[in-house]
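Hi,

Here is the structure I promised to pass on to you. Have a look at it first, and then read my notes below.

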Amino acid sequence: MKLIALMPARNESWVIGLSLRAALRYCDEAVVLEHASTDETPAILAEIAAEHPGCVTILSEPEGTWREMAHRQRLLNAACERGATHCAIVDADEVLTGDLLAHVRPVIERLPAGTYLRTRMLAMWRGIDAYRDDRSVWSNRDDLALAFPVGPAIGWHAANGYDHHHREPYGVRQRGIMLERDGGVMHLQFASWRRLVAKHALYKMVERIRWPEKPVFQIDAMYSQALNEAGFRTSPAPPQWWRQYKELLPHLHLDHIPWQEAECRRLWAEYGVEYFRGLNLFGVANG
């Protein structure tokens with residue numbers, strides 16, 4: 001088996017020094033698509049590539065529009081060119097819990113063709129020491145696509161003109177095969193509240209611009225879910241989740257100013273207040 005991680009990245013200097021190094025602890029290689037970054041992401045990628053000679057392929061996309069399906073397919077194509085038999089889906093703000101490092105590869109290798117491995121998504125809440133554990137949409141999820149065997153019918157494409165947020169590739173069986181172990185993938189987008197707010201404000205603005213026919217209330221409701229703390233409850237992260245990454249934690253910078261804030265203000269100035277009326281932008285765009 002040759003397992004290659006697929007990682008899209010834009011302005012991820014706050015986390016990619018941790019997440020990419022962590023992914024290389026269970027993947028043979030990684031392909032990273034560096035998308036129009038204006039921070040230190042390219043320099044960090046070059047540093048990690050030097051640490052892992054021949055194991056990090058860096059693709060560049062200078063055009064600023066986020067075309068998620070095309071980007072994910074480009075990553076897959078590059079991995080296939082590198083001889084991947086299996087791919088891991090690793091977004092730049094995700095880290096596999098350390099207790100799974102010794103166990104996940106054999107499970108991935110045994111996946112039947114046309115399937116994918118899914119695991120728990122652990123929403124690390126307002127820091128890295130606790131995860132959300134209540135009845136919210138972000139709690140106790142077991143549907144995060146983690147890895148799949150490469151196949152000719154498997155890939156990504158825009159569906160009905162929509163090009164946002166479809167993680168598992170098309171052509172795999174629905175729901176996938178569950179990784180039957182504790183732990184999962186720690187999703188760090190929730191670890192920095194300021195970044196979470198800015199990210200979802202920008203999502204709303206981008207959807208309004210790119211798909212103006214979509215009802216404003218639907219856009220607003222979709223991206224307001226991430227900030228809903230109704231019935232909020234957390235549980236502590238077990239020590240084994242982070243123990244094996246202790247020396248990598250200095251590469252995590254939760255206090256970095258989110259790049260999405262400046263982008264929200266730019267779009268607000270370009271399109272005007274009326275264009276985004278009906279969207280709760282949390283004070284980011286006009287703050």
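**What sits around leucine 20**

Leaving out neighbours within four places in sequence, leucine 20 is in contact (heavy atoms within 4.5 Å) with Met7, Ala30, Val32, Leu45, Ile48 and Val56. Before you go further: this is a predicted model, where local features need pLDDT of at least 70 and side-chain atom pairs count only at pLDDT 80 or more, while totals for chains, interfaces and linings use all residues. Residues are numbered from 1 along each chain as its sequence is written, and side-chain values use heavy atoms, with hydrogens and water left out.

Leu20 turns up again in the largest nonpolar core, which has 74 residues; Leu20, Tyr26, Leu188 and Trp242 have the most contacts inside it. By nonpolar core I mean a set of buried Ala, Val, Leu, Ile, Met, Phe, Trp, Tyr and Cys residues joined through side-chain atoms within 4.5 Å. Buried is under 20% relative accessible area, exposed is over 50%, and partly exposed is in between (1.4 Å probe, protein chains only). Helix H5 (residues 193-210) gives this core its largest share, eight residues. There's also a second, separate core of 19 residues, with Leu6, Leu76, Ala84 and Ile89 among them.

Helices and strands here are DSSP runs, numbered from the N terminus (helices: H or I, at least four residues; strands: E, at least two). Now try helix H1 (residues 16-23): how many of its eight residues are buried? Eight of the eight, so the helix is mostly covered. Leu20 is one of these buried residues, along with Arg21 and others. The cover over them includes strand S1 (3-9), strand S3 (56-61) and helix H7 (239-242).

**Cysteines**

How many disulfides are there? Zero, if a disulfide is a pair of cysteine sulfur atoms within 2.5 Å. Take cysteine 80: its closest cysteine sulfur is in cysteine 87, 5.8 Å away, which is too far for a bond. Cysteine 80 is partly exposed at 35% relative accessible area, whereas cysteine 87 is buried at 0%.

**Two backbone angles to look at**

Most residues other than glycine have a negative phi. Alanine 36 has a positive one, near 50 degrees. You'll find alanine 36 in the loop between strand S2 (29-35) and helix H2 (41-51), and at 16% relative accessibility it counts as buried. Phenylalanine 282 also has a positive phi, near 60 degrees. Phenylalanine 282 lies in the segment after helix H8 (259-271) and is partly exposed, at 26%.

Cheers
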